[in-house]
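Please consult the sequence and structure below before reading on.

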Amino acid sequence: MKPKTVDEYISGAPKEMQEKLKELRKFIKDIVPQAEERISYGMPYYDYKGRLVYFALMKNHIGLYIPPPIIEHYKIDLQAYGTTKSAVHLPLMKELPKALIKKLIQARVRWNEGKYNPQQS
């Protein structure tokens, strides 16, 4: 059954991964407390003046999905991670790279607010 809330999504994850997902959720909410939380495409989704960030537990990583062009603009910062046009693969057995996550989400906030400058960190 597909989760209808982020709580359901996290509680449906393997027990050993739930704390890491809770930590990521709390961190996103701390960065953008005004973001609206819901489920979209079967995963946790945060909306702030448009699409902000999604996350999903995969077999070997947590996918952090940030709509383009943010990941492309931060590719130097992301060299240590697997990436796609809209995703960063965060290894399950490593601590969350909070400074990097914060930088990416704040860049997307600026994008959604129409204040984005790729040179701004």
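The points below cover the basis of the model, then a helix, then loop residues.

The model is predicted: local features need pLDDT of at least 70, side-chain atom pairs count only at pLDDT 80 or more, and totals for chains, interfaces and linings use all residues. Residues are numbered from 1 along each chain as its sequence is written, and side-chain values use heavy atoms, with hydrogens and water left out.

**Helix α2**
- Helices (H or I, at least four residues) and strands (E, at least two) are DSSP runs, numbered from the N terminus.
- Helix α2 comprises the 17 residues 15-31, and its end C-alpha atoms are 25 Å apart, in agreement with the 24 Å that it should span at 1.5 Å a residue.
- That expected span is 1.5 Å times one less than the number of residues in the helix.
- Buried residues (under 20% relative accessible area, 1.4 Å probe, protein chains only) in α2 include Met 17, Leu 21, Leu 24, Phe 27, Ile 28 and Ile 31.
- Gln 18, Lys 20 and Arg 25 are also among the buried residues of α2.

**Positive phi values**
- Tyr 41, which is not a glycine, has a positive phi of about 55°; Tyr 41 lies in the loop between β1 (36-40) and β2 (43-47).
- Tyr 41 is exposed, with a relative accessible area of 73%, where exposed means over 50%.
- Lys 49, also a residue other than glycine, has a positive phi near 55° and is placed in the loop between β2 and β3 (51-57).
- Lys 49 is exposed, with a relative accessible area of 57%.

**Cis peptide bond**
- Pro 68 and Pro 69 are joined by a cis peptide bond with omega of about 15°.
- Pro 69 lies in the loop between β4 (61-65) and α3 (70-73).
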